[in-house]
Amino acid sequence: MARRNSRQASPGMTIVIGIIMIVISVAMFTIGNSVNNMRKRCTESTKGVVQTVREERRTKKSGKHRRVTYYVYVTGYEFDVNGSTYSGSSTLSQSDRLNVGATLTVHYNSDKPAEEHYSQYDSSGTGGIFFSVFMALFGLVFTGSGIKRKLSGGMGVRQAIVGAAMSGGFNNNNNYNSYNNNGYNNNNYNNNYSNNNYSYNNSYSSNGYNNDFNQLN
């Protein structure tokens, strides 16, 4: 039966992965929160007119070994505020695709409509905020796990015992316990038994105790 090898990331690598996840989650939260706050400031709305539509081909992973191709449509539009014309852009899915000349709703900040505006098809940023929170939690778990393993030497007691047992036994510098065909040696304790003309020798040097027994046929 084939032996299955399991590899586990080192404590240092686990900590690095956790920190990277936390940094990415912070960036995602910052961007999502910024978009969400911008949308709150866009209290005015008007109609925009589509000026350009550009098709883009993209792929995404579906399943373990499969990628799916799909198309999005980068849609440029213009809208007027107090006699001035401003432009914006939104990325639409195939089901939301608009043709040139079509209209869409544009929300804007009346104080700076050129910088702060969005269409009805733009993301709210809330999804990114929730996802960043989950990623941060996973990052904290990875980092905490790596630190814990680092402090404990990277290997638990149980894993150490199993590893030593699989290697074939224990090797002690004090030669505490050894056994061979001629006898048993344990802390200067010798017990020899021979089946030839029955002889028995028992000695324990720590207490100065000796016991010899011989029986001859």
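**Contacts and helices**

Author: Leaving out residues up to four places away in sequence, Thr 143 touches Thr 14, Ile 15, Gly 18, Ile 19 and Ile 22. Contact here means heavy atoms within 4.5 Å.

Reader: What kind of model is this, and how are residues numbered?

Author: This is a predicted model, in which local features need pLDDT of at least 70, side-chain atom pairs count only at pLDDT 80 or more, and totals for chains, interfaces and linings use all residues. Residues are numbered from 1 along each chain as its sequence is written, and side-chain values use heavy atoms, with hydrogens and water left out.

Reader: Back to Thr 143. Where is its place, and is Thr 143 buried or exposed?

Author: Thr 143 has its place in helix H2. Helices (H or I, at least four residues) and strands (E, at least two) are DSSP runs, numbered from the N terminus. Thr 143 counts as buried, at 13% relative accessibility. Buried means under 20% relative accessible area, exposed over 50%, and partly exposed in between, with a 1.4 Å probe and protein chains only.

Reader: Which other residues of H2 are buried?

Author: The buried residues of H2 are Ile 129, Ser 132, Met 135, Gly 139, Thr 143, Gly 146 and Arg 149. They pack against H1.

Reader: Take Ser 132. What does Ser 132 touch?

Author: Ser 132 touches Ser 25, Met 28 and Phe 29, again not counting residues up to four places away in sequence. Ser 132 is found in helix H2 and is buried, with a relative accessible area of 2%.

Reader: And which residues are buried in H1?

Author: In H1 the buried residues are Pro 11, Thr 14, Ile 15, Gly 18, Ser 25, Gly 32, Asn 36 and Met 38. The buried residues of H1 pack against strand S5 (117-119) and H2.

Reader: How do the axes of H1 and H2 cross?

Author: Two packed helices are described by the angle between their axes and the distance between the axes. The axes of H1 (residues 11-41) and H2 (residues 126-151) come within 7 Å and cross at roughly 160°. Axes are lines fitted to C-alpha atoms, for helices over the stretch in contact, and angles run from 0 to 180 degrees between N-to-C directions.

Reader: So what are H1 and H2 to each other, parallel or antiparallel?

Author: H1 and H2 are roughly antiparallel to each other. Angles under 35 degrees count as roughly parallel, over 145 as roughly antiparallel, 65 to 115 as roughly perpendicular, and the rest as oblique. The contact of H1 with H2 has residues that divide into 17 nonpolar, 12 polar and 2 charged. Ala, Val, Leu, Ile, Met, Phe, Trp, Tyr, Cys and Pro count as nonpolar, Asp, Glu, Lys and Arg as charged, and the others, Gly among them, as polar.

Reader: What about helix lengths? How many residues has H1?

Author: H1 has 31 residues and reaches 45 Å from its first C-alpha to its last, close to the 45 Å expected at 1.5 Å a residue. H2 has 26 residues and reaches 38 Å between those end atoms, close to the 38 Å expected. The expected span is 1.5 Å times one less than the number of residues.

Reader: Change of topic. How many helices and strands does the protein have?

Author: The protein has 3 helices and 10 strands. Along the sequence, the pattern is α-β-β-β-β-β-α-α-β-β-β-β-β. Of the 217 residues, 21% count as buried.

Reader: Which residue has a positive phi although it is not a glycine?

Author: Asn 82, with a phi of about 55°. Asn 82 has its place in the loop between strand S2 (67-81) and strand S3 (84-93). At 79% relative accessibility, Asn 82 counts as exposed.

Reader: And Lys 61, where is its place?

Author: Lys 61 has its place in strand S1 (residues 44-61) and counts as exposed at 58% relative accessibility. Lys 61 is in contact with Arg 66 and Arg 67, leaving aside its neighbours within four places in sequence.

Reader: Last one. How far apart are Asn 37 and Gly 125 in space?

Author: Asn 37 and Gly 125 are 9.2 Å apart, C-alpha to C-alpha, and 88 residues apart in sequence. Asn 37 is found in helix H1 and is partly exposed, with a relative accessible area of 28%.
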